[in-house]
Amino acid sequence: MMTDERKARLPLGKRAILLGLVFALVLAGLIIWQFLGRERKYELTAFAMGSYVQQTVWGREPETAVVEAVQGIEELEREISWRRDGDVARVNSQSGGEPVALSDSVGELLAEMVELCERSSGALDITLGPVMGLWDFANEPRLPEAGELAERMALVGWQEVELTGDSLSLGREGMSLDLGAIGKGAACDMALDEYSRSQVQAAVVAVGGSVGLYGHKPGGGDWQVGVRDPEGSGSLGVLSLPGGFVSTSGSYEKYFEQDGKKYHHILDPRTGYPAESGLVSVTVWCPPGMDVKYPGALSDGLATACFVLGLEDGMELLESYGAEGIFITEGGDITITEGLEGRFTLGEGG
Ligand code: ADP
Ligand code: MG
């Protein structure tokens, strides 16, 4: 009897230790769970910068991250839209006068964009404001008269943007900045900045024709980005990319017809008329790791610049930046740069 009792007691002690261990483990698990949180996926579509802002975010508190990204984009819009009351609006209202002090991020963004104006030989010109106002693509578009267009063209010239440190002035009264060509890409930069500040694991943000890819795609493999078919509403093909920023500029985006002719919203700054480079769309990829602060804005600006430059000069410009692209001609020919070989698949719906 005595021996039997002793035998029964020993396992009981072990059981108690085991129970204690399990309890401690569960507690530790709960603490870690609380600390790290569970990664979730969250999607939100908002409206800013005159277009939809679509976000898919994986992270611990994705709801907070997407809301803060939208706020960041709204603040950026306020600073860089000529329609609002921020930096760019002040620069425009003081053209020909005293320099305007810019907020840090806007100064750096504009410095990179002025460099792109120069390197694209003015195919991108951020001072097209007076001429864009005349065409008025967003409201009541119309074909301007040659005389009034010439008058406004005299007020265009990125060379007269004087940017010293963080203050900017426009050389002559009546000049104005229009950052429509880079705003959506810059908005993607803004969203990715926000993701890196929050505990976001991975994310995709699309603002109009620009897309930003953050982190590694959950589940592994490349991100898939659809390239719109200039002829239809679907996608022409799919890009498989590890990250970075993608922007598309196309003549089908915004246009009107007058006397049987189509006029689209990407202007050739040399003429003031819609660019006729033989292209219908250009998609640009700025891969991760480029040595710029605003790779999203750069992809957007490059797409517009390449659209104006045409296939050959456009390819050269992309190469000088280490960016890649897809050029589609009016005849439907598709040319891709070397770095996208094996990354573009035609015809997959996306
Ligand atoms: P979207 O606005 O459809 O995304 P883009 O990125 O190509 O298309 O930008 C077109 C806008 O950029 C126009 O609405 C106008 O505000 C501005 N823009 C048009 N042509 C030029 C140009 N050559 N250089 C700089 N900005 C331009
Ligand atoms: Mg653009």
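First, the ground rules. Residues are numbered from 1 along each chain as its sequence is written, while chains are lettered from A and ligands numbered from 1 in the order in which they are written. Since we are looking at a predicted model, local features need pLDDT of at least 70, side-chain atom pairs count only at pLDDT 80 or more, and totals for chains, interfaces and linings use all residues; side-chain values use heavy atoms, with hydrogens and water left out.

Let's start with ligand 1. Which residues come nearest to ligand 1? There are 18 residues around it, and Ala123, Asp178, Ser249, Leu267 and Thr304 come nearest. Here, near means that a heavy atom of the residue lies within 4 Å of the molecule.

Now the shell by class. It has 9 nonpolar, 4 polar and 5 charged residues. For the classes, Ala, Val, Leu, Ile, Met, Phe, Trp, Tyr, Cys and Pro are nonpolar, Asp, Glu, Lys and Arg are charged, and the others, Gly among them, are polar. Helix H8, residues 295–309, gives the largest share of this shell, with 3 residues. Helices are DSSP runs of H or I with at least four residues, strands are E runs of at least two, and both are numbered from the N terminus.

Next, polar contacts, meaning pairs of N or O atoms within 3.5 Å. Histidine 265 places a polar side-chain atom 3.1 Å from an oxygen atom of ligand 1. For threonine 304, the distance from a polar side-chain atom to a ligand 1 oxygen is 3.0 Å. Alanine 181 uses its backbone: a polar atom there is 3.0 Å from an oxygen of ligand 1. Taken alone, ligand 1 exposes 560 Å², and the protein buries 94% of that. Those areas come from the Shrake-Rupley method with a 1.4 Å probe.

On to ligand 2, the magnesium ion. Which protein atoms are its donors? They are Ala181 (O), Asp300 (O), Asp300 (OD) and Thr304 (OG1), at 2.2 to 2.5 Å. A donor is an N, O or S atom within 2.8 Å of the metal (3.2 Å for Na, K and Ca); water is not among the atoms, so sites may look incomplete. Along the chain, the donors follow the spacing A-x118-D-x3-T. Aspartate 300 and threonine 304 both sit in helix H8, 4 residues apart, about one turn of the helix.

Are these two buried or exposed? Aspartate 300 is buried, at 6% relative accessible area. Threonine 304 is buried too, at 11%. Buried means under 20%, exposed over 50%, and partly exposed in between, with a 1.4 Å probe and protein chains only.

Now the hairpin. Strands E11 (255–258) and E12 (261–264) run antiparallel, joined by 4 bridges. Pairing takes at least two DSSP bridges. Phenylalanine 256 stands opposite tyrosine 263. The turn has 2 residues between the strands. Aspartate 259 is in that loop, and it is exposed at 75%. Its phi is positive, about 50°, although it is not a glycine.

Most residues other than glycine have a negative phi. Methionine 49 also has a positive one, about 55°. It lies in the loop between E1 (40–48) and E2 (51–59). Methionine 49 is buried, at 13%.

Last stop: alanine 69, in helix H2, residues 62–80. It is buried, at 1%. Its C-alpha is 5.6 Å from that of glutamate 194, 125 residues apart along the chain.

How values were computed:
A polar contact is a pair of N or O atoms within 3.5 Å; within protein, one must be able to donate a hydrogen and the other to accept it, and residues adjacent in sequence count only if both atoms are side-chain atoms.
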